[in-house]
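User: I am new to this structure and would be grateful for a close look at a single part of it. Please describe that part and then the sheet in a connected account.

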Amino acid sequence: MKQAIKLKDHVYWVGVHDFNCRDFHGDLFPIQEGTSYNAYLIVDKQITLIDTVEEEFFDIMMERIHSVIGNQPIDNVIVQHAEPDHSGGFVKFMNAYPNAQPYTSNAGVTNMIKQYFKEYPYIKVKTGDTLQTGDYTLTFVEMPMIHWPDNMLTYMDQTNIVFSNDAFGQHIASYKMFDDQHELTTCLEKAKDYYANIVMPYGLQVANKLKQIMAMNLTIDMIAPAHGIIWRSYIPELLNAYTEFATFKSKNKVVIVYESIWNHTQMMAEALAEGLGMNDIDVKVYKASVTSSSILMKELLDAKAILVGSGNYNNAIAPSIAYFLEKVASCKIKNKKALGFGSYGWANVVTKQINERLSKAGFTLLNENGISQNYTPNKQDLDSFIELGKEFANEIKNM
Ligand code: FEO
């Protein structure tokens, strides 16, 4: 029988590990090492479940619940987010515990009904509303658009746990459920990966919500998100990192993303990288078609600039680059520079198309024209791209 993991007296993790997940949220977010769907059980005079799990893992969650409370009834269920990775097991849960009282946000009610076609006697909660479970008080805080309209978190007094749902999540599937059982750098890198791929478009909401939570002067001993490990030792570092993510804080770093059939655009990418990298810029170079899109989004988050290159594919941008640009355009990027580049044969149109899309996505162009190369760059051409890389390095260091 699968067991719950005790977090503190009266509080248990009853979630699941999805070790084989490689395509989180469809193919939008490729991941390398699986993830978890975290549900939590509070055993007080009233018993309360916070979130469920994906529907296919419902029975595992139930086993863990039973390992703590046997066949006792559950009094309350809190739906912090209507997305199916957390609410997918809800209907089955309500079939198993028909007398459980569901709580969710106003938008949560709407979204749950629209997704599952079932009405339940939800109690709608807003920021500051509370639920007394006996000895403990749960306080709700709405988090609209971090990253759906219905997201909210729940604060449990005395244990000082924040159940933060998607916020502060990461894709770690481990029985070592606490942050201090892993290296700090690993935890922050995973949190960055998650933020860049799920939360990045909502930086403004994150920054405002962080301020609101700080102003509530809550004592926070533990942050228990809906994915990955639970934070208890690295909380200051995590909050600092989230503040930096939300404001797109960047360093002297440039990400070069390109696609190339006959290496000409690749030669340009590598010459530009030489000029940047030899002048104190942390430069990352990726061929888009052989790189996970989630890595590109993560690397972009703290870069000062991106250079995006494509050859001419029937007078259009290479599909892998078009896909990358489409993702970037949805992220409301701020305070970053960019430039298009690429080799062409008989129609120099693609660099301009890339620049237009970068500009529309919110980047400031390093120059108006981008960098174009007719057929194969020769030695002089490559030296000129290295020089351009040096010039960009100086400009970027002064940003
Ligand atoms: Fe983890 Fe927005 O679902």
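Analyst: The model is a predicted one. The account begins with His 17, which lies in strand 3, a strand made of residues 16–18. Because its relative accessibility is 8%, and buried means under 20%, His 17 counts as buried. Leaving aside residues up to four places away in sequence, His 17 is in contact with Thr 35, Ser 36, Ala 173, Ser 174, Tyr 175 and Met 177.

Seven strands make up an open sheet, in the order 1-2-7-8-9-10-11, with mixed pairing. At its edges stand strand 1 (5–8) and strand 11 (123–124); each has a single partner strand, so one side of each is left without a neighbour in the sheet. Strand 1 pairs with strand 2 (residues 11–13) in the antiparallel sense, over three bridges. Within this region, Lys 8 has Val 11 of strand 2 as its bridge partner.

Helices also pack on the sheet. Helix 1, residues 58–69, touches strand 2, strand 7 (40–43) and strand 8 (47–50), and its direction makes about 20° with that of strand 7. Helix 4, residues 106–116, packs on the sheet as well, touching strand 9 (76–79), strand 10 (101–104) and strand 11. The direction of helix 4 makes about 115° with that of strand 10.

Conventions. Residues numbered from 1 in each chain as written. Predicted model: local features only at pLDDT ≥ 70, side-chain atom pairs only at ≥ 80, totals over all residues. Heavy atoms only, no water. Helix = DSSP H or I, 4+ residues; strand = E, 2+ residues; numbered from the N terminus. Buried < 20%, exposed > 50% of the residue type's maximum accessible area, 1.4 Å probe, protein only. Contact = heavy atoms within 4.5 Å. Pairing = 2+ DSSP bridges. Axes fitted to C-alpha atoms, helices over the stretch in contact; angles between N-to-C directions.
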